[in-house]
Amino acid sequence: MKIQNNYPHHAFFDEAISSEETPRDASKELFDHLNNMGIDELKERQKTAEKTIAQMGISFTVYSDKGNIDRLWPFDLIPRAIEASEWEKVSLGLKQRLKALNLFIEDIYNDQNILKDEVVPEEIILSSKDYRPESRGMKLKHQAWACICGSDLVRDHKGEFYVLEDNLRVPSGVSYMLENRSVSKLTMPEAFQDINIQPMHQYPYELLKMLRSISPTDSEDPEIVVLTPGVFNSAYYEHAYLAHEMGVELVEGSDLVVDENDCVYMRNIDGLQKVDVIYRRIDDAFIDPEVFREDSTLGVPGLMRAWRAGNVGIANAPGCGVADDKVLYAYVPDIIRYYLAEEPLISNVPTYLCSKESDCEYVLENLNELVVKPANESGGYGLLIGPKASQDELDTFKELIREDPRNYVAQPTLNISTVPTLCDEALEPRHVDLRPFILHGEQSYVTSGGLTRVALVKGSLVVNSSQGGGSKDTWIIELEDK
Amino acid sequence: MLSRVAERLYWLARYIERIENTARLAQVHSQLMLDMPKSVKLSWYTLIEITSNEDFFDEHYDAKTEKNCCWAILGDRDNSASLMSSLWWARENVRTTRDSLPREAWIYVNELYLLVNENKEDFYVRSKRNALLEQIIRSCQAIAGMLDGTMSLNTTFKFLQLGTAIERADMTSRILDVGAFFVAQETEAQEMKQFESILWANILKSVSAYFMYRQAVQMEINGKSVIRYLVNDPNLFRSINHCVSMMQTQINVLPSSPEVNQSILELQQLIEQKIPFELGSPVLHNYLDDVQMQLSKVHNEFYSTWFHPSTTQETTQQQNQ
């Protein structure tokens with residue numbers, strides 16, 4: 001019996017197995033391998049994978065009442081496969097999207113033409129908590145405001161990709177994408193020999209290249225640093241990983257200092273050394289106590305002065321979160337048309353804005369069919385999943401929306417796709433999303449695949465690792481002509 | 001290199017070295033306890049004294065038993081100077097400097113931590129303790145070898161070397177203290193003499209220098225020549241003299257200060273002087289104490305020169321000596 005026989009049928013699009021129990025093209029060779037191994041062998045290898053993760057210390061930090069705990073990264077052995085030709089189209093769409101968003105951000109902090117032309121309502125921008133008047137008047141090299149973007153993609157019941165949200169502030173997850181690949185190469189080496197899987201480990205070099213391209217100096221060898229809030233941050237593992245892979249310093253706020261000439265230096269054993277580019281992993285609000293939160297000890301006093309004086313490049317640039325608002329998200333297709341005069345290559349999920357009266361009415365009436373999201377949260381916090389909510393929860397959210405409509409958007413519950421996942425005795429379908437990473441500097445770059453996150457609980461749609469989700473390696477497969 | 005990173009690397013190397021030497025110390029002590037007759041007063045509490053843990057021990061333990069003494073210096077996380085605490089801090093320091101070290105550094109240290117943490121109960125059991133200590137020593141050697149074999153002679157490496165050298169010198173002096181305790185005993189010189197060679201041979205073995213000593217010194221093993229060997233030999237990696245040379249080499253290529261140079265020079269002079277050694281007297285112990293004090297002075301100069309140049313030499317929680 002084949003491993004995919006008796007795979008449960010359901011109403012969702014399955015990424016790997018069609019309704020006739022046959023693997024889709026991109027997954028054919030993978031399933032040949034899985035069938036060669038059989039379920040017992042797979043379970044053995046899953047154990048090996050978990051042991052490897054413990055040894056390599058691949059972890060993430062979870063905040064809890066009892067302090068911060070390092071948890072091992074959850075990984076499912078069965079990769080998710082996507083055909084290269086299909087991915088090619090998706091990556092073009094992602095580049096297009098990020099290019100338009102960067103033009104948008106620069107416009108917002110300068111002439112605001114898009115507001116004058118009433119394509120995007122002005123109050124959305126001015127009321128966004130990530131709009132930074134402190135960035136007004138800045139023009140950046142290559143219009144690189146959001147230099148690193150992690151967009152979340154999902155597939156609907158027909159298998160079409162949609163952008164669920166754009167993460168433009170300090171998107172994380174890319175190190176786990178790379179670690180997943182390392183673990184899967186260790187645990188399934190045969191597959192990599194036989195199947196034409198696109199490599200992904202060039203990401204750190206692409207990131208470094210992008211960071212170099214936004215350096216304000218002409219130096220051949222600009223000084224680049226990764227700025228972390230420190231060891232207690234949930235993504236500290238990733239900050240250290242990226243600094244390591246790029247061979248640049250991982251600094252904390254207290255390691256940096258801005259002098260009266262508005263230049264940034266780091267405190268070295270032999271004195272101060274000038275810094276040209278900062279890849280910051282600290283939110284806007286904390287980067288500079290002179291300008292933003294005074295009580296922040298994570299940031300660097302004077303950093304905004306240095307940036308505004310053009311003495312340091314910052315990725316992502318302060319204020320770029322203005323395009324990472326779930327309300328603004330609804331306008332992204334129009335933004336693409338406005339700046340690029342092109343049709344969006346990847347669609348948005350239909351989105352109702354509670355700030356619009358007609359939308360709000362619809363949302364309140366159909367709450368039990370919708371997913372409601374606060375405009376500025378991340379990590380899957382503060383969500384309402386209508387079809388699964390109790391009457392109490394529905395009532396609470398109605399109240400919340402009425403009190404602050406600007407802060408809420410709603411989307412139809414998507415029938416997001418599933419992927420075979422190793423469960424107790426067989427493969428079972430579990431819902432997934434995908435976070436590719438897009439770089440924008442002198443050139444654009446999209447990762448080959450991305451971080452696949454999987455809801456490990458049967459039927460669950462929640463894929464966030466901080467809330468019990470897991471992950472898989474993502475294979476972009478070049479099909480060979482047969 | 002960032003001051004903060006330099007400090008963590010320095011401590012990382014110190015902790016790795018300390019873990020290894022603590023394991024060695026406990027191991028050699030186990031051997032000695034088997035070899036020595038009851039009349040020689042060498043108790044498990046000597047371990048606590050050698051590692052300067054008397055205050056902690058007296059506060060937290062009621063009896064000076066083998067179990068208590070071993071647990072206090074090996075497994076007790078509440079004791080900031082225990083092997084387990086050093087390992088925890090080593091892991092923390094490598095976790096927070098991972099970007100400047102080879103990837104294996106994190107993996108090796110993490111693995112060692114997982115191993116010891118899972119088996120720490122073995123520290124209580126005499127029959128299992130030595131096997132675990134053996135594994136710990138082997139892992140520390142693997143970490144040091146991996147770093148030697150994969151790194152370039154950059155600033156990172158220099159601070160690792162500096163940390164290793166100062167900690168090693170300190171621990172060699174502490175291990176020699178086992179002998180100092182012995183010679184200071186008020187026992188009949190004649191009675192002690194028969195055990196002397198066993199004692200000093202064990203001390204040599206505890207730093208894996210027995211074989212090298214045999215090659216270098218062809219006479220009977222005695223205290224004077226073992227001390228001369230472990231303190232002064234210019235070619236033995238674990239001799240205090242060699243550790244001081246290692247520090248001198250690194251300091252010459254780091255941006256150093258006159259204070260650092262001066263403190264190393266004083267240490268050098270201390271090493272070069274004729275070592276007092278008399279049976280039934282505490283002079284050797286006092287001499288080794290002076291060496292440890294001078295090492296501590298050198299350490300403080302490192303602090304004010306590189307790690308916290310503008311502030312006073314405040315030490316944080318992890319920097320307990």
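Because the model is predicted, local features need pLDDT of at least 70 and side-chain atom pairs count only at pLDDT 80 or more, whereas totals for chains, interfaces and linings use all residues. Residues are numbered from 1 along each chain as its sequence is written, chains are lettered from A and ligands numbered from 1 in the order in which they are written, and side-chain values use heavy atoms, with hydrogens and water left out.

Chain A contains 14 helices and 23 strands, where helices (H or I, at least four residues) and strands (E, at least two) are DSSP runs numbered from the N terminus. Its radius of gyration is 23 Å, close to the 23 Å that the globule rule gives for 482 residues, so chain A is as compact as a globular protein of that length. The radius is taken over C-alpha atoms, and the rule is 2.2 Å times the number of residues to the power 0.38. Along the principal axes, the C-alpha atoms of chain A fill a box of roughly 75 × 60 × 50 Å.

Of the 482 residues in chain A, 58% are buried; buried means under 20% relative accessible area, exposed over 50%, and partly exposed in between (1.4 Å probe, protein chains only). The accessible surface of chain A is about 19,800 Å², and carbon and sulfur atoms account for 47% of this area. Accessible areas come from the Shrake-Rupley method with a 1.4 Å probe, and for residues only the protein chains shown count as cover. Chain A carries 48 positive and 81 negative charges, whose mean positions are 2 Å apart. In this count Lys and Arg are positive and Asp and Glu negative, while His and the chain ends are not counted; each charge is placed at NZ of Lys, CZ of Arg, CG of Asp or CD of Glu.

Chain B has 14 helices and zero strands. With a radius of gyration of 19 Å, close to the 20 Å given by the globule rule for 321 residues, chain B is as compact as a globular protein of that length. Its C-alpha atoms fill a box of roughly 55 × 45 × 40 Å along the principal axes. Buried residues account for 59% of the 321 residues of chain B, and the chain exposes about 13,500 Å², with 49% supplied by carbon and sulfur atoms. Among contacts in chain B between residues at least 6 apart in sequence, 66% join residues at least 24 apart. The mean positions of the 30 positive and 39 negative charges of chain B are 5 Å apart.

B:Glu118 belongs to helix α6 (residues 103–119) of chain B and is exposed, with a relative accessible area of 66%. Its C-alpha atom is separated by 41 Å from that of B:Val253, 135 residues apart along the chain. B:Val217 lies in the loop between α10 (210–216) and α11 (223–232) of chain B and is buried, at a relative accessible area of 15%. The C-alpha atoms of B:Val217 and B:Tyr229, 12 residues apart along the chain, are 8.7 Å from each other.

The description now turns to charged side chains. Side chains of opposite charge can pair when their charged atoms come close. Over all chains the structure holds 46 salt bridges, each defined as a side-chain nitrogen of Lys or Arg within 4 Å of a carboxyl oxygen of Asp or Glu. One of them joins A:Glu190 and A:Arg45 at 3.0 Å, N to O. A:Glu190 lies in helix α6 (residues 189–194) of chain A and A:Arg45 in helix α1 (residues 28–56) of chain A, so this pair ties together parts 145 residues apart in sequence. A:Glu190 is partly exposed, with a relative accessible area of 32%, whereas A:Arg45 counts as buried at 15% relative accessibility.

A salt bridge also connects A:Asp166 with A:Arg97, with the closest N and O atoms 2.9 Å apart. This pair links strand β5 (residues 161–167) of chain A, which holds A:Asp166, to helix α2 (residues 84–108) of chain A, which holds A:Arg97, across 69 residues. Both A:Asp166 and A:Arg97 are buried. A:Arg181 and A:Asp473 likewise meet in a salt bridge at 2.9 Å, N to O. Since A:Arg181 lies in helix α5 (residues 174–187) of chain A and A:Asp473 in strand β23 (residues 470–477) of chain A, the pair ties together parts that are 292 residues apart in sequence. Both A:Arg181 and A:Asp473 are buried. Finally, salt bridges that share partners join A:Asp130, A:Arg132, A:Arg169, A:Arg280, A:Asp284 and A:Asp324 into one network.

How values were computed. Contact = heavy atoms within 4.5 Å.
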